[in-house]
Amino acid sequence: MTSLIRSPLTIVWAFLTTVTIASSFISVDGGGAHQINTTVTTVVLLIAAVKAYLVIQHFMEVRRAPLWLKLTTSGWVLGLFTLLLGFYFAGV
Amino acid sequence: MTDVAEGSAAGVDESVVDARGHVPGESSMWFFVIGDLLIFAVYFVGYMYFRSQHQDLFLQSQARLNVDIGAVNTVMLLTSSLFVASGTAAARAGNSANALRAWAIAFAFGAAFPLLKLFEWIPEISAGLTPGKNLFFMYYFVMTGMHLCHVALGLVIMCFVIRNLKTSAQPKISLVETGATYWHMVDVLWLVLFALLYLMR
Amino acid sequence: MSGGVATVPRSGSEPAKSWRTNRKLDQWIAFWSVPFFFNLFGLVFVPLSWMMPPRSPSSPTPRIVDFMHSHNLLIACVILTLAYGLAPVSNACYLMQVKRMSVSPAFRYSMMVGAMTGAIVGMLFPMFCFGLGAFRPGYSTAVLTMLYDFGYLAFIGSLGCFCVMWMAFGLAIILDENNILPKWLGYYTIWQYVTELMAAPVWIVKSGPFAWNGLMTFWFAMILYVSWQFIVYFCIFKAIKNQPESEFA
């Protein structure tokens, strides 16, 4: 099992978990629960985008996949979060 | 650079696989994964659009959610995915015993998700927070409900993979990879859901 | 000599004989009934009666009454009463190909029962409800409003039957070792099941994106459904065409 602990996958996991907990704190402590907070939202969504991208690249092994798959999945992350932030700021 | 967690020297040389641009698992599963990601993306964007029309309602409603369980569930899925990924690499390297163990642990973490969900939903529903309460809760229950169905299906697929690892001398790598791909997709979807429903303001 | 196209006679040989003795004739008749049926359906529901796209569940009562009494609705219901019988034929198309799959007959039976109950609840009930409004002018406003709700809820809310049908069909395709239909179609069919599930909220809300005419439950589901419907029949066409003559003992 020690090889698992030293594996790159575990490093990615540790980062993802840390960042998940961090974003939870940012959300709960950073902004009053009843108010719009563009900073909190932007940070939280960007973190989510990075997490999604990392899971796709490393866990789903897209990093070693053909170009079309890399483009499609990265395009999904980029397109989705652009739209999400776009609609958010448009409505704020 | 090799991602093989078990580092078995007698196993598959991952760098050869690198060069060919390997699509893990059946391509029909990738068709499903990409399509599902797109379908959920429409839901996500729809949610954000309607949220912008009802800011206060959504904010007030969000305050009633249990962020702690949401965060724990996120970590459950991430950990489960870690073991799926390492188990898959082990299977490819020919290390069935380690692969089986990793997938079994992954299943345990994955099964924690629906259990925790119950602890989240039941108090909410008892408190009158139902899908019909308002648009936020409708989105919340519909999206997490659809996601939960995906988790359930993923757990079933995991059972098939575990059975294959346990009973076959030579595990069906394409089955293992296909199951892994599906499960990671479930994880990715939740990462977005967690941010949209629980965290954003 | 296997898998010849049904409707075009083979060049050189006796054309009339080839057409009549075509072993796949039953399948081709069933298949070609489909575009006829769907087009008729589409015409009846949309430009003729404006039953579709669904009217608002929170429509004011006078508008509901006008709709239920409209002349076009009457004609639409007459046509539907006559054409309804083609629904089983279009489903037969699927079943004949599923029969060739290596999976258990349980899938086929689930599809059949799902299709039957789905057609009764999803098509026959709305037809009766709207037909009652059209054919029987004497009902009170309250009754008409109830029939209106009943009709639309039955049409869009009858998800359970179709859930079973699409799940069975999707699983059959995915598990089939004879590869009668492509695996990706099996996954696409799973999405059909998902669109049916998406319709569940219509029972709860009367406005907004989750009402029976809502963005999420109707329009988005329609995009998935319509594209699937075309694609599945295209795949069925290819499957019938490629079916080897040797399968017909």
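Leaving aside its neighbours within four places in sequence, which residues is B:Phe44 in contact with? Hold that thought. One caution before we start: this is a predicted model.

Now the partners. B:Phe44 is in contact with A:Leu80 and A:Leu84 in chain A.

Next, the core. The largest nonpolar core has 147 residues. B:Phe44 is one of the members that touch the most others.

On to chains A and B. Here 46 residues of chain A are in contact with 45 residues of chain B. On the chain A side, α1 (2-5), α2 (8-30), α3 (38-59) and α4 (67-91) each supply at least two residues. Helix α2 of chain A gives the most, with 12 residues. By class, that side of chain A has 28 nonpolar, 15 polar and 3 charged residues.

Last, two loop residues. A:Glu61 sits between α3 and α4 of chain A. Its phi is near 60°, a positive value in a residue other than glycine. C:Asn179 lies in the loop between α8 (159-175) and α9 (183-198) of chain C. Its phi is positive too, about 50°, and it is not a glycine.

Buried or exposed? Take A:Glu61 first. A:Glu61 has 23 other C-beta atoms within 10 Å, so it is buried. C:Asn179 has 11 C-beta neighbours inside 10 Å, so it counts as exposed.

Note on methods
Residues are numbered from 1 along each chain as its sequence is written. Chains are lettered from A and ligands numbered from 1 in the order in which they are written. This is a predicted model: local features need pLDDT of at least 70, side-chain atom pairs count only at pLDDT 80 or more; totals for chains, interfaces and linings use all residues. Two residues are in contact if their C-beta atoms, placed from the backbone, lie within 7 Å. Helices (H or I, at least four residues) and strands (E, at least two) are DSSP runs, numbered from the N terminus. Ala, Val, Leu, Ile, Met, Phe, Trp, Tyr, Cys and Pro count as nonpolar, Asp, Glu, Lys and Arg as charged, and the others, Gly among them, as polar. A nonpolar core is a set of buried Ala, Val, Leu, Ile, Met, Phe, Trp, Tyr and Cys residues joined through C-beta atoms within 7 Å. A residue is buried if 20 or more other C-beta atoms lie within 10 Å of its own, exposed if 12 or fewer, and partly exposed in between; C-beta atoms are placed from the backbone.
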